Amino acid sequence: MAENSCELFDSGHRACGGCGAALVSRLLLKATGKDVIIVSATGCMEVFSTPYPETAWKVPWIHSLFENNSAVASGIEAALKKQGRKEKVVAIGGDGSTFDIGMLCLSGAFERGHDFTYICYDNEAYMNTGIQRSGATPYDASTTTSPAGKCSKGNNRPKKDLPQILAAHGAPYVATASIAYPSDVVKKIEKALNTPGPCYVQIHAPCCTGWGFEGEKTLAIGKLAIETGLWVNFEMENGVVTRVKKVVRKPVESYLKEQKRFRHLFKPKINAEEIAKIQAIADKNAEKYGTDLKLKSKSGPVVP
Amino acid sequence: MLEITEGSHAVAKAVKMSRPQVIAAYPITPQTHIVETLADMVANGELDAEYITVESEFSALSACIGASAAGSRTYSATTSQGLALMFEVCFNVSGMRLPIVMTIANRALGAPLSIWNDQQDSISLRDCGWIQFYAEDNQEATDLHYIAYKVAESVEVLLPAFVCFDGFILSHTYEPVDMLSQEDVDRYLPAYKPFQKLDSDDPISMGMYATPEYYLEFRYEHDQAMKRAKDVISKAGKEFGEMFGRDYSALVEGYRLEDADTAIVAMGSLCGTIKDSIDEMRLAGKKVGLLKIRCFRPFPAEEIRNALSHVKRVAVLDKNVSIGAKGAVAIEVRDALYGKTMPVLGYILGLGGRDVRISDIKNIISLAESGKGDQFYGLRTEVL
Ligand SMILES: Cc1ncc(C[n+]2csc(CCOP(=O)(O)OP(=O)(O)O)c2C)c(N)n1
Ligand code: SF4
Ligand SMILES: [Mg+2]
């Protein structure tokens, strides 16, 4: 990776130490280089990177609203086309912006087929406003609007399957990635940028503050999500899954117990019934995407 | 060249000749004919623009933000529910100082649903930081688009502008309109040179977030730009007059006002009916005049005060109501006349397409003369 002096996403921004979303910003600009225009949605990334009069972005950048980054990107793409300019257009938003409030603009822009890349940094809740649930919040996660309590086990709905929804729009390239695997993130963003038409990359971006873990564990948590099958890294080209990260799966507890948002499943006593439901989600993911590494022989070594 | 044409088509032609590079719009009655005509023009190669068929008005104006920020002259059109859906985006456009021009074919807001004309839609957005023009007829509606672009893009201003004209009453009416030629328009409105833009060779950040140490100053500068717009509008309107013979230098325009005892204040197509009524009342010896407000934002308070200082009473006709208060124009005109002693009486009328006739204007003058005002006019009490 380049030296800090070559970074297009500058240091000195206001993200929490260990913020997964800040890593996404950095990796994004490594992939894009300078010839890009970025459209940010309201959310942590926008707020921590551009407190007026300071900005961390050394590329042209615009923020308009929480829910319109895809529409703003549509307009930029149209203007560049008309002016004969060659910059790439990237819209980026959190899961709240992408899965929930921005769905209308996102669906419209994908249906119209604009040539742009949409990046969702998925930290699985509305972090900027204080950790409220979104359509991307995983089952049973405790948030400030889906708190665990006597009558609640946390968020009572599974995560919305947005990659499939966007693939169904006819998007030529849809991928998921995780900041735990930085070079994979860069590669997938590059691929999206180089594929004509609307492309989508959803990047798992653990949030130490919102999930409740120490800032130095961000990458480890991201890895565990994949190793348990609760997050799957895959690529879809023209609606067909073409690449999947295979893993030797660990039980979901190893991921859940590291985070305060799932603490109610372990304390005051272990809630085996709920953990089993989450394990079933992981099993279903593994089956759907074929992520399980098949062991050659029972005693043989595992080559991931 | 004089053409007899539908208002929407005349506006679409003016927009075409303004050479927008990106158009994003969504159909809604009674604006639809404008965007359909523009789509036709693009499809037939008469207009070389990117036309984005967005999925909502919210996205229409959002796409305009992107296009304008990237350095293109940008256009949209809407009305009523569509404008209401754009509420959040409107503040964003003006806050980022993007010189987008948008036509509003004025229409009532639901509930109850109404597709007919009043001015509640754009009036409800009077605080959103856009310039607001109101056209009396289709000639004015057409000409105001060139002026709007010129003013909006001026570096002293850099603000977006609504050009409002009454839905159906103007948008769907065939009237003779003197259309400029493309050469004329090009002389008046040169090719767009953005003041700043998103550009990878010179990166800037736009739409950043401001802490309490900065926000107040942003709003002050926005307000100052709007105030500077007054002179820029006057200059642009004068230049238009010098080039094409129709002078739009005044933000407010008097009609038989010099010796009037009673002044009517109004905006939009109503002014035509009022002028006819005044001519009739003058024949009967009544000294009545009109003050037409062509530019509602920036609000020409001084001009209104000067124009009305000699009259005995003022009757303000509002095609909108700030529910629980009065009509918005009446409130602001009264404010402009603060300290003067003549009564300023407000009449709310014509909402949701209710016809306003010459006889109604005459009745209102009688009411004003007897000191009765601040009321809804023309209520059908039998259905209350
Ligand atoms: C229309 C609108 N509704 C609500 C908000 C308040 N708001 C700002 S950011 C945010 C949550 C952002 O969540 P997400 O997109 O997941 O980004 P994150 O903060 O998690 O990075 C909310 C609810 C807003 N700015 N605009
Ligand atoms: S709250 Fe989470 S997403 Fe927001 S800056 Fe902190 S770590 Fe990053
Ligand atoms: Mg989030």
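1. Let me start at the interface: across the boundary of chain A and chain B the rule finds four salt bridges (a side-chain nitrogen of Lys or Arg within 4 Å of a carboxyl oxygen of Asp or Glu). One to look at joins the side chains of R112(A) and E55(B), N to O at 2.8 Å. Please keep in mind that this is a predicted model, in which local features need pLDDT of at least 70 and side-chain atom pairs count only at pLDDT 80 or more, while totals for chains, interfaces and linings use all residues. Residues are numbered from 1 along each chain as its sequence is written, chains are lettered from A and ligands numbered from 1 in the order in which they are written, and side-chain values use heavy atoms, with hydrogens and water left out.

2. The interface also holds 17 residue pairs in polar contact, both partners at pLDDT 80 or more (a pair of N or O atoms within 3.5 Å; within protein, one must be able to donate a hydrogen and the other to accept it, and residues adjacent in sequence count only if both atoms are side-chain atoms). On the side of chain A that touches chain B, the elements giving two or more residues are β1 (36-40), α2, β2 (61-63), α3 (69-83) and α5 (103-112) (helices are DSSP runs of H or I with at least four residues, strands runs of E with at least two, numbered from the N terminus). The most comes from α3(A), with eleven residues. By type, that side divides into 20 nonpolar, ten polar and eleven charged residues (Ala, Val, Leu, Ile, Met, Phe, Trp, Tyr, Cys and Pro count as nonpolar, Asp, Glu, Lys and Arg as charged, and the others, Gly among them, as polar).

3. In extent, 41 residues of chain A are in contact with 40 residues of chain B (heavy atoms within 4.5 Å). About 3100 Å² is buried between the two chains, with 62% of it from carbon and sulfur atoms (the accessible area, with a 1.4 Å probe, that two parts lose on being put together, summed over both). Y52(A), K82(A) and R112(A) lose the most area in chain A, together 21% of what that side buries.

4. R112(A) belongs to α5(A), where C105(A), L106(A), G108(A), A109(A), F110(A) and R112(A) are buried (under 20% relative accessible area, 1.4 Å probe, protein chains only; exposed is over 50%, partly exposed in between). Just after this helix, G113(A) takes a positive phi of about 80 degrees.

5. Now the ligands. Residues from chains A and B surround ligand 1, so its site is shared between chains (a residue is near if one of its heavy atoms lies within 4 Å). Of the 18 residues around this ligand, G96(A), S97(A), Y121(A), M127(A) and N128(A) come nearest. Oxygen atoms of ligand 1 lie 3.1 Å from a side-chain N or O atom of D95(A), 2.8 Å from a backbone N or O atom of G96(A) and 3.0 Å from a polar side-chain atom of N123(A).

6. Finally, T137(A) deserves a glance, in the loop between β4 (117-122) and β5 (148-149) of chain A. T137(A) counts as buried because its relative accessibility is 0%. The side chain of T137(A) reaches the backbone nitrogen of S134(A) at 2.8 Å, and a polar atom of that side chain lies 2.8 Å from the backbone oxygen of E124(A).
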